[in-house]
Amino acid sequence: MADSTTPKITLHTYFRSSCSARLRIALNLKSIPYTSIAVNLLNGEQLTPENRTLNPSATVPTLIITHPTKAPTTITQSLAALEYLEETTLGSSHALLPPASDPEARALVRTLTDILSCDIQPVTNLKILKRVAPFGVDRAAWSKELIEDGFRAYEAIAARTAGVFSVGDSITMADVCLVPAVWGAERAGVKVQEFPTIWRVAQRLELEDAVKRAHWRTQPDTPEEFRMEVS
């Protein structure tokens, strides 16, 4: 239970941001309460001076940890925030990485996570898609093809490492990043069922309460036409 010694967590987020969803899922898995502040990317709210002051990259998410005895900690990259949450909750909540005694498994999780964050997520980013449009690129087709390339790489590894989830039978950082990537891929027209391990793991993740509460269709800033209730 939170008390005067417990840090307060604020997450600047956008309902469809896959990077924001990673943190929503992780915070839910770790049973860490947080306050959401919506930043509407379509309305350009990420470009305001106020948001740039918090996040010089003019993006979301921004995770702010307000400590009772020291200056706030602000983290503006989702993977850094996931690592921070893992390092500051060791032994006290759901682990996002295998134990330190298994560095090979930790490297596998980080490899899969990097495929999603480095190879796939950038080509779904609104800022990047706007930049390629002037070159005459069909940005939807371009994004879809690169997502599929990334999924092929993820599938090739996860087909060997998966149990119930991507690496073994516990939800890891890779899974926290996978399910938002699948949501984005579906919107881009990717037939995720063609990647059987990814599809199976993602379907299983959708059953988790932590994922349901983090879903892009259940957020406070989700427009009414997209909204669904958490079951």
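Helices (H or I, at least four residues) and strands (E, at least two) are DSSP runs, numbered from the N terminus. With that in hand, the chain comes to nine helices and four strands, and from the N terminus on its elements run β-α-β-α-β-β-α-α-α-α-α-α-α. The radius of gyration, taken over C-alpha atoms, is 17 Å, close to the 17 Å that the globule rule gives for 231 residues, so the chain is as compact as a globular protein of that length. That rule is 2.2 Å times the number of residues to the power 0.38. Along its principal axes, the C-alpha trace spans about 50 × 45 × 35 Å.

A quick word on what you're looking at. This is a predicted model, where local features need pLDDT of at least 70 and side-chain atom pairs count only at pLDDT 80 or more, while totals for chains, interfaces and linings use all residues. Residues are numbered from 1 along each chain as its sequence is written, and side-chain values use heavy atoms, with hydrogens and water left out.

The chain splits into domain 1 (8-94) and domain 2 (103-214), with bounds that come from an automatic or database domain assignment. Their centres, taken over C-alpha atoms, sit 20 Å apart. The contact (heavy atoms within 4.5 Å) takes 18 residues from domain 1 and 21 residues from domain 2.

How much area is buried between domain 1 and domain 2? It's about 1700 Å², and carbon and sulfur atoms give 64% of that. Buried area here is the accessible area (1.4 Å probe) that two parts lose on being put together, summed over both. On the domain 1 side, R22, I25 and N28 lose the most area to domain 2, together 32% of what that side buries.

Between the domains there are also six residue pairs in polar contact, both at pLDDT 80 or more. A polar contact is a pair of N or O atoms within 3.5 Å; within protein, one must be able to donate a hydrogen and the other to accept it, and residues adjacent in sequence count only if both atoms are side-chain atoms. The elements giving two or more residues to the side of domain 1 that touches domain 2 are α1 (18-29) and α3 (78-88). Of these, α1 brings the largest share, nine residues.

**Salt bridges**

A salt bridge is a side-chain nitrogen of Lys or Arg within 4 Å of a carboxyl oxygen of Asp or Glu. The whole structure has seven of them, and one lies between domain 1 and domain 2. Here are two pairs:

| Pair | N to O distance |
|---|---|
| R110 and E83 | 3.2 Å |
| K30 and E86 | 2.9 Å |

K30 lies in the loop between α1 and β2 (35-38) and E86 in helix α3, so this pair ties together parts that are 56 residues apart in sequence.

**Two backbone details**

S31 is found in the loop between α1 and β2. Its phi is near 55 degrees, a positive value in a residue other than glycine. Then there's P61, in the loop between α2 (49-54) and β3 (62-66): the peptide bond from V60 to P61 is cis, with omega near 5 degrees.
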